[in-house]
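Colleague: I would like to learn how to read the features of a model like this one. Can we go through them in turn?

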Amino acid sequence: MDRQTPMHALPEEIQKMLPEDKVCKYCGVSYLILHEFKAMEEKVKAMEKEMKFYQGSVEREKRLQEKIKSLSQDLEQYKTDNKSKTESKIYFRVMRRLEVEHCQLKEQMPNSQHSVSEPYIGL
């Protein structure tokens with residue numbers, strides 16, 4: 001905490017006061033520092049409140065980072081699965097199209113050129 005030195009001397013009437021007139025009769029603290037003491041108490045209370053807010057933030061941050069990592073891994077897995085499913089669907093569509101074309105060509109071709117057991121795939 002910064003210590004402030006007064007720019008001006010205390011007024012003469014305060015300097016001439018008896019010591020018992022300069023202190024609080026209840027707590028014994030000088031009136032000259034009582035205000036600073038109360039301000040410091042308020043600052044400490046505010047800092048304690050702020051500390052309570054930040055208490056456990058490191059653990060929360062760690063848990064959140066782990067959750068982000070887990071969700072990122074899940075996302076990558078879903079992307080991989082989706083890509084695999086998409087490729088599989090394309091493969092089955094192509095195979096189905098080839099089967100249809102094969103059947104159409106087989107119907108168009110005379111039996112003398114190709115036997116029924118022999119598949120003909122025209123690409």
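This is a predicted model: local features need pLDDT of at least 70, side-chain atom pairs count only at pLDDT 80 or more; totals for chains, interfaces and linings use all residues.

Colleague: How many helices and strands does the secondary structure come to?

Modeller: The protein has 3 helices and 0 strands. Along the sequence the pattern reads α-α-α. Helix α1 covers residues 12-15, and helix α3 covers residues 57-108.

Colleague: What share of the residues is buried?

Modeller: Of the 123 residues in the protein, 2% are buried. A residue is called buried under 20% relative accessible area and exposed over 50%, with partly exposed in between. The accessible surface comes to about 12200 Å². Carbon and sulfur atoms account for 58% of that surface.

Colleague: Then to the charged side chains. What is the general idea behind a salt bridge?

Modeller: Side chains of opposite charge can pair when their charged atoms come close. The structure holds 4 salt bridges. One of them joins Glu 12 to Lys 16, with the closest N and O atoms 2.8 Å apart.

Colleague: Is Lys 16 buried or exposed?

Modeller: Lys 16 counts as exposed because its relative accessibility is 62%.

Colleague: Which salt bridge does Lys 79 form?

Modeller: Lys 79 pairs with Glu 76, and the closest N and O atoms are 3.8 Å apart. The cut-off for a salt bridge is 4 Å, so a pair at 3.8 Å is counted. Both residues lie in helix α3, 3 residues apart, which is about one turn of the helix. Lys 79 has 49% relative accessibility and therefore counts as partly exposed. Glu 76, at 44%, is also partly exposed.

Colleague: How far apart along helix α3 are Glu 99 and Arg 96?

Modeller: Glu 99 and Arg 96 are 3 residues apart in helix α3, so about one helical turn separates them. Their side chains meet in a salt bridge at 3.4 Å, N to O. Glu 99 counts as partly exposed because its relative accessibility is 42%.

Colleague: Which residues form the nonpolar patch?

Modeller: That patch consists of Leu 10, Leu 32 and Ile 33, which together have about 260 Å² of accessible area. Leu 10 sits in the segment before α1. Its relative accessibility is 43%, so Leu 10 counts as partly exposed.

Colleague: Last, the aromatic rings. How is a pair of them described?

Modeller: A pair of aromatic rings is described by the distance of the centres and the angle of the planes. The structure holds 2 aromatic pairs. In one of them, Phe 53 and Tyr 54 are edge-to-face, with 4.9 Å centre to centre and 80° between the planes. Planes over 60 degrees apart count as edge-to-face. Phe 53 is exposed because its relative accessible area is 57%, whereas Tyr 54, at 47%, counts as partly exposed.

Colleague: What are the values for Tyr 91 and Phe 92?

Modeller: The centres of the Tyr 91 and Phe 92 rings are 5.4 Å apart and the planes are at 70°, an edge-to-face pair. Tyr 91 has 48% relative accessibility and so counts as partly exposed. Phe 92 has 53% relative accessibility and therefore counts as exposed.

Notes
Residues are numbered from 1 along each chain as its sequence is written. Side-chain values use heavy atoms; hydrogens and water are left out. Helices (H or I, at least four residues) and strands (E, at least two) are DSSP runs, numbered from the N terminus. Buried means under 20% relative accessible area, exposed over 50%, partly exposed in between (1.4 Å probe, protein chains only). Patches are made of residues with over 30% relative accessible area and no salt bridge: like charges are joined within 9 Å, nonpolar side chains (Val, Leu, Ile, Met, Phe, Trp, Tyr) within 5 Å. Accessible areas come from the Shrake-Rupley method with a 1.4 Å probe; for residues, only the protein chains shown count as cover. Rings of Phe, Tyr and Trp (its six-membered ring) pair if their centres lie within 6.5 Å; planes under 30 degrees apart count as stacked, over 60 as edge-to-face and the rest as tilted.
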